[in-house]
Amino acid sequence: MSASHELDFGTSRFSILDPPSSGGMFALDAEYRADQAPQKVNLLMGAYRDDQGQPWQLSSVTEAKTRMNLHSCHHEYLPIHGNPVFLEAAREVLFGHEISEHGRDSIVSIQTISGTGANSLIAAFLNRHTMPSNIWLPDPTWMNHFDIWQAAAPGIKVQKYPYYDGLTRSFDFAGMMRILRSKSSEHDAILLHACAHNPTGLDPSEEQWEEIALFCKEKMLFVIFDSAYQGFASGDLNRDAWPVRHFFTHRPIEFAVCQSFSKNLGLYGERVGALHVVVSRETSLSASLTAPVQGHLVDLQRAMVSMPPLFGCRVATEILKSTNLQRLWKMDLLVMSERIKDMRKALYNALVRLKTPGTWEHITEQNGMFSYTGLSEDHVSRLRKEHHVYMLPTGRASICGLTAENIGYTAYAIHRVVVDELAVVEFDLHDQSRI
Ligand SMILES: Cc1ncc(COP(=O)(O)O)c(C=O)c1O
């Protein structure tokens, strides 16, 4: 008898479902949309907004769509592994021209449903074929990493390594290495954010990357780079790809990269991305490895989604294959990354001007879209309820949600919740001293 026959469904089989989780960021976003206060500020979503708080179409994307003859575009299926021209161009953006050319025989690339699809595909692949005991995720990390690994790789145990030191508000490199050295097993998998770590905005230095690479090689860990923000950390695609290229060139280890074009091309809803698996670079070996890796990835992708989507990949290919559009794209990246840096500086200056208790330098020292503000869950809750400023309960704020118009108000709201909390603490102490 099957398990379902042993369950008492009552009047509906769905009555056995546990209550769903609250919906996290998406529930808060719904609350923001329903909020009628005119001064409300949305610092939730990891999507770029311009200085009017509006979604921004990159000028390279506008130009690419003008050049494409949209009326006559067909809507046929892509091959399961995706568009080879797109994949070659995507590989070149990530690895650079030289590695892309010479490493052709050791990199397997497959087009995916953006970064999320690439993460899911590599998780499912490892779960089915190489079966590491553990996947090590940074703590904290993008929340979806936990759900992806649980859903796509139930046979692999999710473990966390420390990433953030709340006291110093800095990258906890020593803590990370200590735990990995003492707790990880040979051949485990480890996830590393290639740049602009979500949510902390803190990345390893080149020296730290080198130590991580050396350690991964010694322990034979399988590295998965999540590259969702190339170009957002420094404004420069090459500079942000340094860790990936360094691992390829200087350490003979096998690894994978989940590449997303959601953020850096602003193609969020079009789901443009790729998974690249780098196999052994020993020439006698690599040729015999790429075909089976590619074949099994294709089999999994067939079962999960069949073919990747076409339209966004067309837009991306138009840009990546044209020198002029690439130039325009690089300027777009500078526009976005510079505006984010300006907003970081403006928020820091406003908090300093208001003499908000605490230190706020970390806001300008962090990279990419997000700031791990250091605000507590209580601060965040009061920001939302009393001031209509929305960020994640962890204190993560999407800096893109700040504009010249709302930055003064946002800084004032942060100032108020910090000062009010201190007043409550002082009142309590004063009260206790009278007892
Ligand atoms: C770290 C990280 N990885 C991957 C993604 C995936 O995004 P997408 O599926 O839109 O490419 C995100 C999106 O927020 C992210 O922050």
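Mentor: Let's start with a word: a residue is buried when its relative accessible area is under 20%, exposed when over 50%, and partly exposed in between, using a 1.4 Å probe and protein chains only. Strands (E, at least two residues) and helices (H or I, at least four) are DSSP runs, numbered from the N terminus. This is a predicted model, where local features need pLDDT of at least 70, side-chain atom pairs count only at pLDDT 80 or more, and totals for chains, interfaces and linings use all residues. Residues are numbered from 1 along each chain as its sequence is written, and side-chain values use heavy atoms, leaving out hydrogens and water.

Trainee: Okay, why is strand 9 called largely enclosed?

Mentor: Six of its six residues are buried, so the rest of the structure largely encloses strand 9. Phe255, Val257 and Gln259 are buried on one side, and Ala256, Cys258 and Ser260 on the other.

Trainee: How many strands form the open sheet, and in what order?

Mentor: Seven, in the order 2-10-9-8-7-3-4, with mixed pairing. Strand 2 (107-113) and strand 4 (157-162) are at the edges: each has a single partner strand, so one side of each has no neighbour in the sheet. On average, neighbouring strands are turned by 25 degrees against each other, direction ignored.

Trainee: What makes you say that helix 5 packs on the sheet?

Mentor: Contact means heavy atoms within 4.5 Å. Helix 5 (residues 114-130) touches strands 2, 7, 8, 9 and 10, and its direction makes about 155 degrees with that of strand 9. For such angles, axes are lines fitted to C-alpha atoms, for helices over the stretch in contact, and the values run from 0 to 180 degrees between N-to-C directions. Helix 6 (residues 144-152) lies across strands 3, 4, 7 and 8, at about 170 degrees to strand 3.

Trainee: Why is Gln230 called buried?

Mentor: Its relative accessibility is 3%, and the cut-off is under 20%. Gln230 is in the loop between strand 8 and helix 9 (237-240).

Trainee: What does the side chain of Gln230 reach at 3.0 Å?

Mentor: The backbone oxygen of Val93. A polar atom of the Gln230 side chain also lies 3.0 Å from the backbone oxygen of Leu237. A polar contact is a pair of N or O atoms within 3.5 Å; within protein, one must be able to donate a hydrogen and the other to accept it, and residues adjacent in sequence count only if both atoms are side-chain atoms.

Trainee: Is Ile212 buried or exposed?

Mentor: Buried, with a relative accessible area of 1%. Ile212 is in helix 8 (residues 206-218).

Note on methods
Pairing = 2+ DSSP bridges.
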